[in-house]
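Me: I would like to go through some side-chain pairings and disulfides with you. Could we start once the model is on screen?

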Amino acid sequence: MTTGETAATGAAGAIGRAGATGRTAALAAVLAATLATTALGPPAAAAAPAPVPGSPARAAAACTAGTGPYQRELEAHLRRRADGVQDAADCAAVSAFQRANGVRPADGYAGLVTYRTMVAVAARAHPNADRACPVRPHRVTCVDLERQLLWVQRDSTVVFPPVPVRTGRDDEETRPGWHEVYWRSEDHKSTLYDDAPMPYAQFFDEGQAVHGRPGDLYAHGGSAGCVNLSVPDAARLWDLLTEGDAVYVWGAKPGTED
C-alpha cells in the first residue's frame, strides 16, 4: 500500500469513528490527502477563445490592407482617429463599411471607389442641403460635379438617392446648366467610340447622356462628357425617368478647369 493509500484509509476510518458533527472535517481530511498524493499542480491557464467568424476581432486579424489615398477621409467618416495611417482596427472598420455598401473587394483599403461611395452615403440624408440644385414641382435629376453625385428630387423630396458618378474629364467636361432628356436608348452602343456599350442611355445635351458604364466606373479619370453610373444604378434611373425630364448640372469636377 502506498503512502497516499495509507493516508486516505486512515482518514476514512476517522469518518467511521466520528459522529454526525465530525463527518465534514473527516471528509476534508480525505480530500486533502488525495490531493497531496496525486500531485495535480495548479490548473492550466484557459486558452484564449478563438475569434468568432465575422466578429470585429477576426476581421481585424484578417485585414492587412495598407494606408489608402483616402485614409483620413474614411477615418473621419467612420468616427475613428483621423490620423491618415492605417492600423488593424481602421482596416476592419473600412472593410465593414465596404461590405455594408456593396464595395468589392471589401479588403479595408481606402481607395477611390470606397471614397466615392462614402461621399454618396454621407449625402443620403440631405443631398441638397445647400439648395444648389433648384427645387421644382416636377422631377429634376441633379448632377453635382464637385461631389461627383447624382440624385433625383421632386419638390424637396428625394425620389432617387444620391449615387456616385463619373463625369467629363478636363477639356471634355459635362456641360453645366439646365437640360432635358430628349432621347433614350436602353441598349445603346457609341457611334463615336468603337461601339463602346452605353446601357440605359438617356441623352440630355447634344450627345451627352446619363448611362451605365460596365466595369471600372473610374477608369481613365473621366468620361468624354457623359455622366457615367454603375450599370445597376443606371438601370434603376432608367425605370424612373422619361423623355422631357429635367436635368440640372452645376459645379466643377475636381481636377478640371473652370
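Me: Which residue forms a salt bridge with Arg-147?
Reply: Asp-144 does, with the closest N and O atoms 2.7 Å apart. A salt bridge here is a side-chain nitrogen of Lys or Arg within 4 Å of a carboxyl oxygen of Asp or Glu. Please note that this is a predicted model: local features need pLDDT of at least 70, side-chain atom pairs count only at pLDDT 80 or more, and totals for chains, interfaces and linings use all residues. Residues are numbered from 1 along each chain as its sequence is written, and side-chain values use heavy atoms, with hydrogens and water left out.

Me: Is Asp-144 buried or exposed?
Reply: Asp-144 is buried, at a relative accessible area of 6%, whereas Arg-147 is partly exposed at 27%. Buried means under 20% relative accessible area, exposed over 50%, and partly exposed in between (1.4 Å probe, protein chains only).

Me: How many salt bridges does the structure hold?
Reply: There are eight. Among them is the pair of Arg-139 and Asp-245, at 3.0 Å from N to O. Arg-139 belongs to strand E1 (residues 139–144) and Asp-245 to the loop between helix H7 (231–240) and strand E9 (246–250), so this pair ties together parts 106 residues apart in sequence. Both Arg-139 and Asp-245 are buried. Helices (H or I, at least four residues) and strands (E, at least two) are DSSP runs, numbered from the N terminus.

Me: And what about Asp-83, which residue does it pair with?
Reply: Asp-83 forms a salt bridge with Arg-81, the closest N and O atoms lying 3.3 Å apart. Arg-81 is exposed at 63% relative accessibility, and Asp-83 is partly exposed at 23%.

Me: Changing topic: how many disulfides are found?
Reply: A search of the whole structure finds two, a disulfide being a pair of cysteine sulfur atoms within 2.5 Å. One joins Cys-63 to Cys-91, with an S to S distance of 1.9 Å. Cys-63 sits in the loop between helix H3 (56–62) and helix H4 (71–77), and Cys-91 in helix H5 (residues 88–100), so the bond links distant parts of the chain, 28 residues apart. Cys-133 and Cys-142 form another, their sulfur atoms 2.1 Å apart.

Me: Why is the Cys-63 and Cys-91 disulfide called left-handed?
Reply: The torsion about its S-S bond is about -70 degrees, so the disulfide is left-handed. The link of Cys-133 and Cys-142 is left-handed too, with -80 degrees about the S-S bond.
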